[in-house]
Amino acid sequence: MGRSVSYPSGAIVAFTVLEVEAEDDWEFEYEWLRDDLRERAGRAFPSLIPHDGWRGREDRILMRNAYADFGVSVYGGLVAVWIVERDDGAYWDADWRTARSPRAQRWLSQIASRFDAVFGDYDCLGHMSNGEGVYAKRAA
């Protein structure tokens, strides 16, 4: 598979696909994907709570905790499920008082392998010169 999908800089990212058989079903399938990701993330990382927001124009935040945003980005059926240190004003205001960023980075490094195991179905093998990514489905 060769495609590209955006996600926030510095994020831990796992890749999967959104399979839509009929164009009319796209919105339903995307909503189902978001609900499924929220449910799995809540089970895997109980500190995450529902949050509806955006990082930029393409990266949708689904959940958040004191340290991180959990979200999804979709392009042409390729899905990037990501978690990244928060980057909002309230977070940085709190960080100024209590230095959250080092704790956030430590928490993210501790959950990285579990995050990939829970959400990753494809591996990114690299990128071509035009920026397109090359992805391979993982063995079952």
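A: What follows starts with the charged pairs and then moves to other parts of the fold.

The model is predicted. How many salt bridges does it hold? The count comes to ten. In general, side chains of opposite charge can pair when their charged atoms come close.

Start in helix α1, which spans residues 26–44. Arg 38 forms a salt bridge with Asp 35. Their closest N and O atoms are 3.4 Å apart. That pair qualifies because the cut-off is 4 Å. Why is the spacing along the helix about one turn? Arg 38 and Asp 35 are three residues apart in α1, so about one helical turn separates them. How accessible are the two partners? Arg 38 has 22% relative accessibility and counts as partly exposed. The class follows because buried means under 20% and exposed means over 50%. Asp 35 has a relative accessible area of 40%, so Asp 35 is also partly exposed.

Now take Arg 40. Its salt bridge is with Asp 36. The closest N and O atoms of Arg 40 and Asp 36 lie 3.1 Å apart. Both residues belong to helix α1. They are four residues apart, about one turn of the helix. Arg 40 is partly exposed, at 22% relative accessibility.

Glu 39 pairs with Arg 43 in another salt bridge. Here the closest N and O atoms are 2.9 Å apart. Glu 39 and Arg 43 sit four residues apart in α1, so they too are separated by about one helical turn. Arg 43 has a relative accessible area of 54%. Arg 43 is exposed, because 54% is over 50%.

Which residues does the network link? Arg 55, Arg 64, Asp 69, Arg 86 and Asp 88 are linked in it. Look at one member, Arg 86. Arg 86 lies in the loop between β6 and α2, the latter being residues 89–98. Is Arg 86 buried or exposed? Arg 86 counts as buried, because its relative accessibility is 11% and the limit is under 20%.

Strand β6 covers residues 78–85. Leu 78 is found in this strand. Leu 78 counts as buried, with a relative accessibility of 0%. Compare its place with that of Ala 104. The C-alpha atoms of Leu 78 and Ala 104 are 27 Å apart, and the two residues are 26 apart along the chain.

Ala 104 is one of the buried residues of helix α3. The others named there include Trp 107, Leu 108, Ile 111 and Phe 115. Helix α3 spans residues 100–119 and is kinked. The kink is about 45° and is centred on Ala 112.

Turn next to the surface. A patch of negative charge gathers Glu 19, Glu 21, Glu 23, Asp 24 and Asp 25. Glu 19 is exposed, with 64% relative accessible area.

A nonpolar patch is also present on the surface. Leu 125, Met 128 and Val 134 form it. Together they have about 270 Å² of accessible area. Val 134 is placed in strand β8, residues 133–137. At 30% relative accessibility, Val 134 counts as partly exposed.

Strand β8 also holds Gly 133. Gly 133 counts as buried, at 0% relative accessibility.

Gly 131 lies in the loop that joins β7, residues 122–127, and β8. Gly 131 is partly exposed, with a relative accessible area of 35%. Its C-alpha atom is 7.1 Å from that of Ser 4. Along the chain, Gly 131 and Ser 4 are 127 residues apart.

Conventions
Residues numbered from 1 in each chain as written. Predicted model: local features only at pLDDT ≥ 70, side-chain atom pairs only at ≥ 80, totals over all residues. Heavy atoms only, no water. Salt bridge = Lys/Arg side-chain N within 4 Å of Asp/Glu carboxyl O. Helix = DSSP H or I, 4+ residues; strand = E, 2+ residues; numbered from the N terminus. Buried < 20%, exposed > 50% of the residue type's maximum accessible area, 1.4 Å probe, protein only. Bend = angle between axes of the 7 residues up to and from the residue. Patch = residues over 30% accessible without salt bridge, like charges linked within 9 Å, V, L, I, M, F, W, Y side chains within 5 Å. Areas by Shrake-Rupley, 256 points an atom, 1.4 Å probe, with all protein chains shown as cover. Lys, Arg positive; Asp, Glu negative; His and termini not counted. Charge placed at Lys NZ, Arg CZ, Asp CG, Glu CD.
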